Amino acid sequence: MSSAPTAIAVIPARGGSKGVPGKNLLQIAGRSLLERAITCARDAATIDRVVVSTDDAAIAHAAADLGAEVVDRPAELATDTAPTPPAVLHALDVVASTDDIVVLLQPPAPLRRGADVDRVVALLGSDDQLASVASVYEVGDAHPARMYHLVDGVLRPLEPTLERVRRQDLPPVYHRNGAIYATRTDVLRRTGELIVEPTSGYVMDSRWTVNIDTPADVALAEVVVSEWDRGHS
């Protein structure tokens, strides 16, 4: 791959959502999750095209108004159990993309900037051995060393060798935050997966971790996203 790969952003935005109905058009701190995803992609210098894949007319209309290309997602790719990679591949085929890298931006994880996308694309483009990059944050008290299985009423440590290790001596552990995924397009087409080994992690600040799946998440997101907007405007 050349030193300056081309990249396309695909934003999956189904109309249905059991946890939070109408989630992708939900207004958080005055802007919809869809708008935040499209704006992030358009602010990224490395993104050539912004595509929204949806089965919903209202989402399609909103996406077009925001300057995104819209792909009509087939019903079989828009069910509650349908995986994301086939929908991304469908979108790439419909728009006849020849880009080297596909960036996935999920609306329910809105706290990212165009500069973050650019850094992810640069990270993937800088190493021909990498297949993909995922945004992550370092976990704190939720470290696996402090987790247990509950077996017949008895706690069994998930990481027995680390159970008694002091917090400050524990090796860092990271969790995907859902904000940004980037995959080499040829790898996605070959494997049908967005996360393929070897995958690198783009570390983001754990303070800005929002992923909206439940009504309780909405209330928390309103507070955190408002604070984010004040500091990142």
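Which residue in S6 stands opposite Val10? In this predicted model, for which residues are numbered from 1 along each chain as its sequence is written, local features need pLDDT of at least 70 and side-chain atom pairs count only at pLDDT 80 or more, whereas totals for chains, interfaces and linings use all residues. Side-chain values use heavy atoms, with hydrogens and water left out. The residue opposite Val10 is Leu104 in S6, where helices (H or I, at least four residues) and strands (E, at least two) are DSSP runs numbered from the N terminus.

The pairing of Val10 with Leu104 belongs to the contact between S1 and S6, which run parallel and are joined by 4 bridges; two strands are taken to pair if DSSP finds at least two bridges between them. Strands of a sheet pair through backbone hydrogen bonds, in either a parallel or an antiparallel manner. The open sheet comprises 7 strands in the order S5-S4-S1-S6-S10-S7-S11, and its pairing is mixed. Strand S5 (69–72) and strand S11 (199–203) are the edge strands, each pairing on one side only. From one strand to the next the twist averages 30°, with axes being lines fitted to C-alpha atoms, for helices over the stretch in contact, and angles running from 0 to 180 degrees between N-to-C directions.

S6 is covered on both faces, since Ile101 and Val103 on one side and Val102 and Leu104 on the other are all buried (buried means under 20% relative accessible area, exposed over 50%, and partly exposed in between, with a 1.4 Å probe and protein chains only). H1 lies across S1 and S4 and runs at about 160° to S4, while H4 lies across S1, S4, S6, strand S7 (132–138), S10 and S11, running at about 65° to S10; contact here means heavy atoms within 4.5 Å.

When neighbours within four places in sequence are left aside, the contacts of Val52 include Ile11, Leu34, Ile38, Ile59 and Val70.

H2 is followed by Gly67, whose phi is positive, near 90°. Asp116, in helix H4, counts as buried because its relative accessibility is 3%. A polar atom of the Asp116 side chain lies 2.9 Å from the backbone nitrogen of Arg113, and, with neighbours within four places in sequence left aside, Asp116 is in contact with Ile180, Tyr202 and Met204.

The count of aromatic pairs comes to 1, with rings of Phe, Tyr and Trp (its six-membered ring) pairing if their centres lie within 6.5 Å, and with planes under 30 degrees apart counted as stacked, over 60 as edge-to-face and the rest as tilted. Trp208 and Trp228 form this edge-to-face pair, at 5.7 Å centre to centre and 75° between the planes. Both Trp208 and Trp228 are buried.

Several backbone features occur in loops. The peptide bond from Glu197 to Pro198 is cis, with omega near -5°, and Pro198 is found in the loop between helix H5 (185–191) and S11. Ala96, in the loop between helix H3 (84–94) and S6, has a positive phi near 55° and counts as exposed at 55% relative accessibility. Asp152, in the loop between strand S8 (148–151) and S9, likewise has a positive phi, of about 50°, and is exposed at 77% relative accessibility.

Technical notes
Polar contact = N/O pair within 3.5 Å; in protein donor to acceptor, adjacent residues only side chain to side chain.
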